[in-house]
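These are notes for a colleague who is opening this structure for the first time. They are set out as numbered points, each of which can be checked against the view below.

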Amino acid sequence: MSNSLKNLADNPSGSIFIDMDAKRKRVDKLLSDKWKIERELEQIQANCKHENTVIKQVTDGTSSLPRHVCESCGCPLGYLSPEQAKDFLEKS
């Protein structure tokens, strides 16, 4: 069955706006949930003492670099020195 016929069967009024409205509401809900999760993560990281650190690859949107990261909360804490970066890359 073609998509247009399936949509008519699922939606007898023939209105695609109902389907689009449901998708928009779902997208809005997901974006709201994402915002709440990001705020909660920020609070956890802000209150963390960052007592134990590890070196991990951290993606910053365009590239991935080895960084010092808190083992407990995952917060990136700093960049490696050239020597540390060389050692990390040699061990990887």
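1. Arg-24 and Asp-28. The side chain of Arg-24 meets that of Asp-28 in a salt bridge, at 2.6 Å from N to O. The two residues are four places apart in helix H2, so about one helical turn separates them. Asp-28 is also partly exposed, at a relative accessible area of 37%. As with everything below, this is read from a predicted model.

2. Confidence. The protein chain has a mean pLDDT of 84, and 80% of its residues reach 70 or more. Confidence is lowest in helix H1 (residues 3–10), where the mean is 54. The highest value, 92, belongs to strand E3 (residues 76–79).

3. Asp-21 and Lys-25. A salt bridge also joins Asp-21 to Lys-25, with the closest N and O atoms 3.6 Å apart. These residues too are four apart in helix H2, which means a separation of about one helical turn.

4. Lys-34 is partly exposed, with a relative accessible area of 47%, and Glu-38 falls in the partly exposed class at 33%. The pair belongs to a network of salt bridges that links Lys-34, Glu-38, Arg-39 and Glu-42. How many salt bridges are there by this rule? The count comes to six.

5. Gln-45. Helix H2 spans residues 16–47, and Gln-45 lies in it. Gln-45 counts as buried because its relative accessibility is 17%, and buried means under 20%. A polar atom of the Gln-45 side chain lies 3.2 Å from the backbone oxygen of Cys-73. Leaving aside residues up to four places away in sequence, Gln-45 touches His-50, Cys-73, Gly-74 and Cys-75.

6. His-50. One of the residues touched by Gln-45 is His-50, which is placed in the loop between H2 and strand E1 (53–59). Its relative accessibility of 23% makes His-50 partly exposed. The backbone deserves a look here: phi of His-50 is near 50°, a positive value in a residue other than glycine. For context, most residues other than glycine have a negative phi.

7. His-68. Strand E2 (residues 64–70) contains His-68. The His-68 side chain makes a polar contact with the side chain of Gln-84, at 3.3 Å. His-68 also touches Val-54 and Ile-55, as well as Cys-75, Pro-76, Leu-77, Gly-78, Tyr-79, Leu-80 and Gln-84, when residues up to four places away in sequence are not counted.

8. Phe-88. Helix H3 (residues 82–91) holds Phe-88. What is the relative accessible area of Phe-88? The value is 18%, so Phe-88 is buried. Setting aside residues up to four places away in sequence, Phe-88 touches Ile-55, Gln-57, Pro-66 and Leu-80. Among these contacts, Ile-55 and Leu-80 are also touched by His-68.

9. Arg-67 and the rings. Although Phe-88 and Arg-67 are 21 residues apart along the chain, their C-alpha atoms are separated by 9.9 Å. The charged end of Arg-67 sits over the ring of Tyr-79, at 4.0 Å from the centre of that ring. How many aromatic pairs does the rule give? The count is zero.

Technical notes: Residues are numbered from 1 along each chain as its sequence is written. Side-chain values use heavy atoms; hydrogens and water are left out. Buried means under 20% relative accessible area, exposed over 50%, partly exposed in between (1.4 Å probe, protein chains only). Contact means heavy atoms within 4.5 Å. A polar contact is a pair of N or O atoms within 3.5 Å; within protein, one must be able to donate a hydrogen and the other to accept it, and residues adjacent in sequence count only if both atoms are side-chain atoms. A salt bridge is a side-chain nitrogen of Lys or Arg within 4 Å of a carboxyl oxygen of Asp or Glu. pLDDT is the predictor's confidence in each residue, from 0 to 100. Rings of Phe, Tyr and Trp (its six-membered ring) pair if their centres lie within 6.5 Å; planes under 30 degrees apart count as stacked, over 60 as edge-to-face and the rest as tilted. A charge sits over a ring if NZ of Lys or CZ of Arg is within 6 Å of the ring centre and within 35 degrees of the ring normal.
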